[in-house]
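Trainee: Could you walk me through this one while I have it open? I would like to start with the ligand and then move on to the packing.

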Amino acid sequence: MSHVFPRHTKSIPPRATRGDGCYLIDETGKRYFDGSGGAAVSCLGHSDPDVIAALQDQAGKLAFAHTGFFTSEPAEDLADLLIEHAPGALDRVYFVSGGSEAMESALKLARQYYLEIGEPQRRHVIARRQSYHGNTLGVLAVGGNMWRREPFSPLLMDVSHISPCYEYRGRAEGESAFDYGQRVANELEAEILRLGPDSVMAFVAEPVVGATAGAVPPVEGYFKRVREICDQYGVLLILDEVMCGMGRTGTLFACEQDGIAPDITAIAKGLGAGYQPIGAMLCTDKIYSAIENGSGFFQHGHTYIGHPVAAAAAHAVVTKLTGGGMAARAMDMGGRLQAALEDRFGQHPHIGDIRGRGLFRGLELVQNRETKAPFAPELKLHANVKAAAFQAGLICYPMGGTVDGIQGDHVLLAPPFILSDNQIGEVVDKLSGAIDTVLAGVP
Ligand code: PLP
């Protein structure tokens, strides 16, 4: 028996031993198509020779140098590359080891910014009910994912949660998508006014919602209105691109497709593509200079900031996503995946919505397509689909959750960008088989 503390103590998963392109292989030799890149991590598959060479080479030269004493070439090169491709005025990069750390850093930077510029009363954070921003206590409070928050609720800071931009369920009959987006964006303004405009520090959102809802993109105009409101009231816009960023939606940063740029953004997952644990927070020069010209010290830090091996691996990843055209490939293959999903499930009586951007796609399971009534939560449909797909050799990322009182079951697909047309067929066939098997058992 191993002494590893597993995620589920009552069902130990198979032991993964090897990666091969889009596949993971367990110790019995069974191959699993990684249809969700784990959790939207493995954007380049599991055996990319360039990334492996980059991290091996760097480990041979310099594995670690604490940022309390040194900077390093891999961290500098990666920061430059990210800023070269970042939207708007993003200008500085702070490296960490994962998504939760990146989002915690973003919150602390926002708070310190207002201290530096003499607005210490700004402390309120507004986020959305349909969101996940990480599992550490600060960002767990910001997320709206009820089942993750519930056990720890006495430990969480107070955060306002407004409606998500969730067209499938939120748009009223006869309302245009644009008007719907403006209506839900305006909830931000109402909440700022309710809290007192001078007391609000930041609005936090995922450009395309991932884990809690299965690749929910905003409607056109939503984020432009959000940006306008933030600017009007001096509220910082923090975009969480931990899951949807790094080419996943077809552009390096997901928000590029909404025509806006944040004040602070967080990335992780696809940044290291699973080869190294790395995340980053990017901020504008305005925020950085407030600290540079003020206290001169960001009061935050972690041991592995700017880890040279992680940075070298991520540099190889981002080079492939940008110059190597892999983000553009995600856009192209994403369109093909969407078409294949629509072809297979477009008329399915229990698939209510097929959505997403690039290779970030979601399906929402419903009991009744006309009324959009969800299945009873006790059926645990999402968990059963995950298990049936895994049995069939497909890794996908199903989730169930309550948003605005509605329990939904969805399946998130986020395959490696290297997948082929045949492999799109494999994903759709295996997923379809898993969904049919599970539905056959529903009374
Ligand atoms: N933010 C988003 C949008 C995420 O999807 C996740 C993880 O799923 C996180 C933050 C937290 O990232 P990590 O698990 O690397 O801490």
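**Ligand shell and core**

Mentor: Bearing in mind that this is a predicted model, the largest share of the shell around the ligand comes from α4, which gives three residues.

Trainee: How many residues surround the ligand, and which are the closest?

Mentor: The ligand is surrounded by 15 residues, and the closest are G98, G99, S100, V242 and M243.

Trainee: And what is the shell like by class?

Mentor: Seven residues of the shell around the ligand are nonpolar, six are polar and two are charged.

Trainee: Switching to packing, which residues have the most contacts inside the largest nonpolar core?

Mentor: Those are A280, M281 and A313, in a core that has 140 residues. Helix α11, residues 308-321, gives the most to this core, with ten residues, and the core draws at least three residues from each of domain 1 (16-47 + 325-441) and domain 2 (51-322).

Trainee: What is A313 in contact with, leaving aside its neighbours within four places in sequence?

Mentor: With those set aside, A313 is in contact with V51, A54 and L55, and also with G272, Y275 and Q276.

Trainee: Now α10, which residues of that helix are buried?

Mentor: In helix α10, residues 285-292, the buried residues are I287, A290 and I291. They are on the same side of α10 because they cover an arc of only 95° around the axis. In general, an α-helix has 3.6 residues a turn, so residues three or four places apart point the same way.

Trainee: What do they pack against?

Mentor: The buried residues of α10 pack against α4 (99-116) and against the strands β9 (264-267) and β10 (279-284).

Key. Residues are numbered from 1 along each chain as its sequence is written. This is a predicted model: local features need pLDDT of at least 70, side-chain atom pairs count only at pLDDT 80 or more; totals for chains, interfaces and linings use all residues. A nonpolar core is a set of buried Ala, Val, Leu, Ile, Met, Phe, Trp, Tyr and Cys residues joined through C-beta atoms within 7 Å. A residue is buried if 20 or more other C-beta atoms lie within 10 Å of its own, exposed if 12 or fewer, and partly exposed in between; C-beta atoms are placed from the backbone. Helices (H or I, at least four residues) and strands (E, at least two) are DSSP runs, numbered from the N terminus. Domain bounds come from an automatic or database domain assignment. Two residues are in contact if their C-beta atoms, placed from the backbone, lie within 7 Å. The arc is that of the directions from the helix axis to the C-beta atoms. A residue is near a molecule or strand if its C-beta atom, placed from the backbone, lies within 6 Å of it. Ala, Val, Leu, Ile, Met, Phe, Trp, Tyr, Cys and Pro count as nonpolar, Asp, Glu, Lys and Arg as charged, and the others, Gly among them, as polar.
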